[in-house]
Amino acid sequence: MLHPRTTAHIIPAHGKRGARARRSVSIVRSGATVLALAAVLSLVGCSASPRIDDRHPIDTTHRSLTQESRVRYLILHFTWEGFEDSLKVLTRGAVSSHYLIDESPPRIYRLVEEDRRAWHAGVSFWAGETMLNSASVGIEIVNLGNRVDPTYAPYPPAQIDAVVALVRDIQRRHAIKPHRILGHNDIAPQRKTDPGPKFPWRRLADEGLVPWPDDTAVDAARPAHEAMLPPVAWFQDQLAAIGYPVPRHGELDAETRRVLMAFQMKYRPSAWDGTPDAATAALLEVVARPGGLLLLGADGVRRPYTP
C-alpha cells in the first residue's frame, strides 16, 4: 500500500527517477589493475545470475520468441464505497485489487503487485475464457455507483484523467489488446453493474485505448431494425459473438436482460433498461461485425479494428 500523503498521481515506477549524479571516472592503465577489475566484474556477473543453490546456476542467455505477458485483460470496477471503507475492504478483506483510485484528490494506490493475482473479478467469463483473476489487472475506482442514486454517481473529470493515465501505462507495458479492457459487468453481468453507465467509455475510445463502433455504420443499420426488430435469439447470438456470457435459448428472461444492460451501459448509456430495441440492435450489429469497431491511432485517424 502506498502512503496517502504522497503526490496526487502515483503511477507504477519503473526504476528510480531524479537527477543522475555525475561522477568522473579515472581510466586505470595498469595491466594488473585492469585484470583485477575484470575478475571482480566477472564475479558480480555470476552472482547476478539466478541460482537454485550454489551448485545449480540458471542460464538466462537464451530467450524464447513465443511468449507474452500473463496479463491479458484489464478490468475496471467501481468500489460502491467511500475511500476509507474501500481501502479497508481491499487491504484487509476477502477481495483485493491491484490498484485503487481515490476521488478527490485522485491519488492512485498500488495494493497488489501486477505479477501477483488479485481477487477482483470473481466468477467471470469473456469470449470463452473463465476465471479472469489469473490473467488480469484490476482497477478499483472510488465511486458510489447506485448505492445512493439509482441513476449512478458521476465520475469527476480529474479522477478519469488518472484512470486514463493508469490504463495507458498498464496497457503499454503488458501489450493488452484494446478489446480486452473491460468492465466488471462485461465479464460478470449477472452479478455486477460496475463501472456503471456514468463511466465514460467513449473518453477511453477518444484516447485510443479501446475500440468504438463506427457511428456512421450504426446510423445506417438502425432503419432496418426499426422496420423489423430481430428476434431475441438474434440478440443473444450477437452478444455471445462479442464475448458476453449470455443464454442462447431465444427467450427474453432476466439473465438476457442483464447482459443487454451491460452492453447498453457501455455503448448507449442514455438508456440501459435491458430492452432489445432497434438502437441496441444497430449497435450490436456493428460491434459484432468484422471491421465494425474503429480504433483511434497515434496519428489521430480511426481505423477498423478486428479483435
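Modeller: W272 is partly exposed, with a relative accessible area of 22%, whereas Y152 is buried at 4%; buried means under 20% relative accessible area, exposed over 50% and partly exposed in between, with a 1.4 Å probe and protein chains only. This is a predicted model, in which local features need pLDDT of at least 70 and side-chain atom pairs count only at pLDDT 80 or more, while totals for chains, interfaces and linings use all residues. Residues are numbered from 1 along each chain as its sequence is written, and side-chain values use heavy atoms, with hydrogens and water left out.

The structure holds ten aromatic pairs, where rings of Phe, Tyr and Trp (its six-membered ring) pair if their centres lie within 6.5 Å, and planes under 30 degrees apart count as stacked, over 60 as edge-to-face and the rest as tilted. Y152 and W272 make an edge-to-face pair, because their ring centres are 5.4 Å apart and their planes stand at 80 degrees. Y152 belongs to the loop between β8 (136-141) and α3 (157-174), and W272 to the loop between α8 (254-267) and α9 (278-288), so this pair ties together parts that are 120 residues apart in sequence. F263 and Y267 form a tilted pair, with 4.9 Å from centre to centre and 50 degrees between the planes. Both of these residues lie in helix α8, four residues apart, about one turn of the helix, and both F263 and Y267 are buried. Helices (H or I, at least four residues) and strands (E, at least two) are DSSP runs, numbered from the N terminus. The pair F263 and Y267 is also part of a cluster in which ring pairs link W126, W212, Y244, F263 and Y267.

Two other rings have a charge over them, which requires NZ of Lys or CZ of Arg to be within 6 Å of the ring centre and within 35 degrees of the ring normal. The charged end of R147 sits 4.7 Å from the centre of the W80 ring, and that of R180 sits 5.5 Å from the centre of the Y73 ring.

Helix α7 (residues 232-242) has V232, F235, Q236, Q238, L239 and I242 as its buried residues. These cover an arc of only 165 degrees around the axis, and therefore lie on the same side of α7; the arc is that of the directions from the helix axis to the C-beta atoms. The buried residues of α7 pack against β6 (125-126), α8 and α9. Just after α7, G243 takes a positive phi of about 140 degrees.

Leaving aside residues up to four places away in sequence, F199 touches L76, I141, Y155, I160, V163 and L204, contact meaning heavy atoms within 4.5 Å.

Six of the six residues of β3 (residues 73-78) are buried. β3 pairs with β8 in the parallel sense over six bridges, and with strand β9 (residues 181-183), also in the parallel sense, over three bridges; two strands pair if DSSP finds at least two bridges between them. I75 stands opposite G138 in β8, and L76 stands opposite G183 in β9.

W212, from the ring cluster, falls within β10 (212-213). An open sheet of three strands runs in the order β10-β11-β12 with antiparallel pairing. β10 and β12 (302-305) stand at its edges with a single partner strand each, so one side of each is left without a neighbour in the sheet. The antiparallel pairing of β10 with strand β11 (residues 293-296) extends over two bridges, and P213 stands opposite L293 in β11.
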